[in-house]
Amino acid sequence: MKIEHLPATKVVYFRRVGTYGVENMVLMQSFKQWIKTEGLFQGSTILGIALDNPQIIHAKNCRYDVCLITDKTSFKNSVQQRTLTAGNYAVFKLAHTEKVINEFYTNITKTINKDQLKVLNRPIIERYQQKFIDNGYCEILIPVK
């Protein structure tokens, strides 16, 4: 684990509203296709952001965004754009497998307590940098003070 400061970051994104799970993976696949169509896949950094806590928000209303970090503002096909707020994150590099990622989320409270993290009430970010994905890794970013 390392602490990293992310500056305010411009992204384009697709959003899905509904229960988290398999449909988020479907959204990710369609987003990757869009990125390839736009010629932006090579060297890309994709973010997955669960915007709502299903323990607080009804599952059918939970929002999930898949984002691409880019400064580009004009696209062949329409896409939503926004700037993510700057902040500090505890970054965990994990094997990019469903099993390892699920275990991380299952044990997230233990991890937070063990590392004595002061977590902010902001969404956790899954970061998929092509240089890591190509080697079988992804990152989970937990917002911290």
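This is a predicted model: local features need pLDDT of at least 70, side-chain atom pairs count only at pLDDT 80 or more; totals for chains, interfaces and linings use all residues.
Good morning. Phenylalanine 31 and tryptophan 34 both lie in helix 1, three residues apart, which is about one turn of the helix. Helices here (H or I, at least four residues) and strands (E, at least two) are DSSP runs, numbered from the N terminus. Residues are numbered from 1 along each chain as its sequence is written, and side-chain values use heavy atoms, with hydrogens and water left out.

Let me stay with the aromatic residues. Rings of Phe, Tyr and Trp (its six-membered ring) pair if their centres lie within 6.5 Å; planes under 30 degrees apart count as stacked, over 60 as edge-to-face, and the rest as tilted. By this rule the count comes to seven aromatic pairs. One of them joins phenylalanine 14 and phenylalanine 31 edge-to-face, at 4.9 Å centre to centre and with 75 degrees between the planes. That pair links distant parts of the chain, since phenylalanine 14 belongs to strand 2 (residues 9-17) and phenylalanine 31 to helix 1 (residues 22-37), 17 residues apart. Phenylalanine 31 also forms a stacked pair with tryptophan 34, at 5.8 Å centre to centre and 15 degrees between the planes. Ring pairs link Phe14, Phe31, Trp34 and Phe75 into a cluster.

Are phenylalanine 31 and tryptophan 34 buried or exposed? Buried means under 20% relative accessible area, exposed over 50%, and partly exposed in between (1.4 Å probe, protein chains only). Phenylalanine 31 counts as buried because its relative accessibility is 0%. Tryptophan 34, at 6%, therefore counts as buried as well.

I turn now to the sheet. Two strands pair if DSSP finds at least two bridges between them. Eight strands form an open sheet in the order 1-6-8-7-3-4-2-5, with antiparallel pairing. At its edges are strand 1 (2-6) and strand 5 (80-84), each of which pairs on one side only. Neighbouring strands of this sheet are turned by 35 degrees against each other on average, direction ignored. Axes are lines fitted to C-alpha atoms, for helices over the stretch in contact, and angles run from 0 to 180 degrees between N-to-C directions.

Let us walk through some of the pairings. Strand 1 and strand 6 are antiparallel and share five bridges, with lysine 2 opposite valine 91 in strand 6. Eight bridges then connect strand 6 to strand 8, again antiparallel. Here valine 91 has leucine 141 of strand 8 as its bridge partner. Leucine 141 is also the bridge partner of isoleucine 125. Strand 7 (residues 125-129) and strand 8 (residues 137-144) run antiparallel and are joined by three bridges.

Elsewhere in the sheet, strand 2 is joined to strand 4 by seven bridges in the antiparallel sense, and tyrosine 13 stands opposite cysteine 67 in strand 4. Strand 2 pairs with strand 5 over five bridges, also antiparallel; there, lysine 10 has threonine 83 of strand 5 as its bridge partner.

How do the helices lie on these strands? Contact means heavy atoms within 4.5 Å. Helix 1 lies across strand 2, strand 3 (45-50), strand 4 (63-69) and strand 7, at about 135 degrees to strand 2. Helix 2 (residues 98-106) lies across strand 6 (87-95), strand 7 and strand 8, and runs at about 135 degrees to strand 6.

My last topic is two loop residues. Glutamate 38 is placed in the loop between helix 1 and strand 3. Its relative accessibility is 5%, so glutamate 38 counts as buried. Not counting residues up to four places away in sequence, glutamate 38 touches Lys72, Phe75, Lys76 and Asn77. A polar atom of the glutamate 38 side chain lies 3.0 Å from the backbone nitrogen of lysine 76.

Glutamine 116, by contrast, counts as exposed because its relative accessibility is 68%. Glutamine 116 lies in the loop between helix 3 (108-114) and strand 7. Although it is not a glycine, glutamine 116 has a positive phi of about 50 degrees.

Thank you for your attention.

Conventions:
A polar contact is a pair of N or O atoms within 3.5 Å; within protein, one must be able to donate a hydrogen and the other to accept it, and residues adjacent in sequence count only if both atoms are side-chain atoms.
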